[in-house]
Amino acid sequence: MKRIYTISGLLLLFTFLSTAAFAQNLTIKGKVTDAANGDALIGVTVAVKGTTTGTQTDANGAYSLSAPSDATLQVSYIGYTTLDIAVAGRTAIDFKLQGSNNQLQQVVVIGYGTQRKVDNTGSVASVKAADINNQASTNPVAALQGKVSGVTVTNNGTPGSSPQITIRGLGTVYGNVSPLYVVDGVWYSDISFLNNNDIENITILKDASSTAIYGVRAANGVVLITTKHGAKDSKPTVNYNGYVGFQAITNQVKMANASEYATAINELVDYGNQLNTDPTIPPSGPTFADPSSLGAGTDWYKQILRKAFVTSHQVSVTGGTKAITYNYSFGYLDQDGLVKTNNYKRYTLHLSNEFSPFSFLKIGYNANGVINKSKDAPDGIFHQIFSAAPTLPVRNADGTYGDPALFGASSGNNFNPQATLDFYNQVTKNDRITGDVHAEFSILKNLKFRTSLGGDFGTQEVRNFTPLYSATPAQTTTTTNLDINQTKTKNWIWENTLTYDYQVKDHRLTALLGYSAQNNRTTQLDARADGVPYNGSGNLYSSFPADADVTRIATAASQLHTRTLSQFARINYSFQNKYLINASLRRDGASQFFPNPYGWFPSVGAGWVVTNESFMKDQHIFDVLKLRGSWGKVGNSVVPINPSVQTVANDPYLTAIFGNAQIANPGSSINTFVPPLIRWEKGVSSDFGLEMAFLNNRLSFEADYYNRETQDAIFAIPVLGSIGSASGNLIGNQATIRNRGIEFMLSWKDQPSESFSYSLSGNIGFNNNKVLSVLSGNTPIYDGGNGLSNGALATRTIVGDPIGVFYGYKVAGVFQTTQEIAASKQPTAIPGDFIYEDINKDGSLDTRDRTVLGNPNPKISYGFNSTFNYKSFDLTLDFQGVADVSVYNANIAYRFGNENFTQDFYNNRWHGEGTSNTYPSTNVGSNANSAPNSFYVESGAYFRVRNAQLGYTLPGNTFKKLGVQKIRFYANAQNAINIFGYKGFTPEIGGTVGNMGIDASVYPLFATYNFGVNVTF
């Protein structure tokens, strides 16, 4: 490693000593506009082809640069066709760029560079800034939903939360399923620090040929993000973008009212009497004497939830001279949660500068700062408002809290949600700084050296204070408690690349050579103290009082430190713009896998642009016809730290008391077994694609077939407890997991008249997930205990099935009479209980009769996006959905006593012979009825109007005298229309691997309605 550092230092010194001769230059000026509507294009790159000399257009589309009289200018802009124009001695050249209707002529961002999409041999998708900024999403990942085929985004309603994203299916069980994010060349595990308005472009690399250059972290795909930068020779431009609006819960679940609840609880008491076989225990009487007199009661959703206020504001300043460019922005977000008192505030800062002190040298930096603070909602609050008795008043007439025990509640819902909310005090604060400093040197005409040092430094602090209070007999404390959890992150990455561009006649070659070193360190501290006085939130945040009795709480992996060292190379070659070759190789070494840290990750891709063949010149069907294929191997090092280290458990149950003095002797046990060798998780995939454009590039079509395998997947396999393992698991490279699918994209873009233009785009992806092999054979992994009150597990992973399928009994009906029960295989049942199928037909009912009930991994995801522009009006409509997916509604049987029921369940419940053969009785919470079964598995398919925005731009001269270049007003609705059959709030349910798709009172999604304005000065 020291040798490489030394070589890089010598290379830096060499570049400073390099000199170059330049021919006599001309100063060339001009303007770049959209060929369709004549609008000025801001930030277009105008460069001298084959050199690093270039500039960008300003807010008026103007540019100015110095170039040889015989040079060729290359004009490129994401979303537009690249132009190559000879200078031919001219000093004034205007450019009109044609929109890349089919997207095949776009310039796209790839690993460590850019490339025309038509030259790319991998599966790459690009999303422009306008597609991100035109949404009310507070996280840029959420704005990708429905935009790209094969990309599944699962949102969560918690303010400030990051969505889950998977690219081409779930490929790991034990490791992190999220893709790698690369922002301006720096690697991150999430991008919650970014403001949507600071993003210029997002590119998603989906196949191994595209991602292998990031080998160590590329197994789950790569998301490349370019932030906004200033333009050379441009006047300062100030932009304000802000909106204000509200968020409202969608598809709210209707609960039984007080009268209905009382009726249901009385029925539940009767079922308890039927199950009582002890003659010494008398039957219980009804809990409620007259249910019909109770009326509607308390609507706990209305009491605890609200329409939530949200507002966002951002101001940016951008511009530049010949030698310096700059882009600065400041953003503020204030988002209330659906739960009263829940709030999230975020402040973002983006700074970017590029300096060109010499023609052969560029120096710059990108910096992002974020401070966010949230007043959190209580854990389990949605379970409480789902379960709370509607007979319970929020407060009594004397102002005290209503006591659940006095209004028909039991141990399962012995809580007053209002008291829970009022006395909950938890604040989470994050401070984070990210970014990089970089330099680029033109060593020779076609040879560039770039070095960059990036970092991610942050602190998260969670402060929870429990005061001294007595709300109800069950909700009371005897002492105060303060808990502070602090996590610090210190990551850096240093990368150096040499890029050589060569072009002569029919040959075009780009070669890349690189070296990378990374260091990631996380430190965690959790401590608590009792008896802390509450003197205001400030003193609790900084530290514990001096006289506090502080207890440090042991946290798993409280000190994490990983290091990675990598070397990589890539070659892109094109012959006659017809035959394309891409090959890369990366060697990664990761400390997690000591003493075998190194792995090699190759890839190769090939493409054939058929329409550039001579035999295609006279045809008039295809504007573009391209075939491509790729193969590659990538790695996944994001697994629990040091899985090759055997751990030991020291628990109270291992204590032994012996000897004359009867002394307690603590004992230990092996916590988990590991094999002697841990290898990388490897992602091996192949991709075959077809790209076409028709009708003067107005109609574009893309299709991809892929086969992606995760080999040597690391996860736990159950072993016999008699061996001595506390966890009962063996950790190692145990499985092979496959994701196979096809993707389609179809788009149309046209401008029928000077005042009207529109674009339509649709995408759909089909994915099949399957566990191909496990080292121990058919030994299953059971998981999915979230929200299951009887201790059962609702998911299973086994050879031949997808990861984490729902697994349980298949319901055949509901018992109507005792005679029917006597003739069945469930003799302990009572009328109103589920009838389960004897799957294996052995004449008895037991765990061997469980079967696969559903798949939480969506097989189909799709999106449809459209834009319409008529004079000063613009309209955006985005639609999105998933199909062939299941969710598990754990809320129904998440019961320990007298919890409430949904209106749907109450109306359709069994409450006497012949009343229902699908819904059970109110005894649904019994061990037999709450066991994982097909009744709780529902379709997770949905169709959604993801975003609808109508905008109006004032005529250009309206406020020109005031220095205002542009004012646009818009109204936006997000998630306003949701169509699905699921009986919960939303079928869009994430979760960890093994618990995915289980709805156990998750924070529901919401619709956002806002009004905004964009002003450019």
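The largest cavity holds about 450 Å³ of space. A cavity here is a set of points, on a 1 Å grid over the protein atoms alone, where a 1.4 Å probe fits but cannot get out. Its volume is the space filled by probe spheres set on the points, which are joined across faces, edges and corners. Lining residues have an atom within 4 Å of a point.

This is a predicted model: local features need pLDDT of at least 70, side-chain atom pairs count only at pLDDT 80 or more, and totals for chains, interfaces and linings use all residues. Residues are numbered from 1 along each chain as its sequence is written, and side-chain values use heavy atoms, without hydrogens and water.

Back to the largest cavity. It has 37 lining residues, and Thr152, Thr154, Thr166, Pro856 and Pro858 are the closest to its centre. Now the second largest cavity. Its volume is about 270 Å³. Here 24 residues form the lining, with Thr138, Asn155, Asn156, Gln974 and Phe1006 closest to the centre. In total, the structure has 12 cavities of 30 Å³ or more.

Next, the sheet. Two strands pair if DSSP finds at least two bridges between them. Strand β2 (residues 45-48) runs antiparallel to β3, and three bridges join them. Within that pair, alanine 47 stands opposite glycine 54.

Notes
Helices (H or I, at least four residues) and strands (E, at least two) are DSSP runs, numbered from the N terminus. On a 1 Å grid over the protein atoms alone, a cavity is a set of points where a 1.4 Å probe fits but cannot get out, and a pocket is an open set with protein on both sides within 12 Å along at least five of seven lines; lining residues have an atom within 4 Å of a point.
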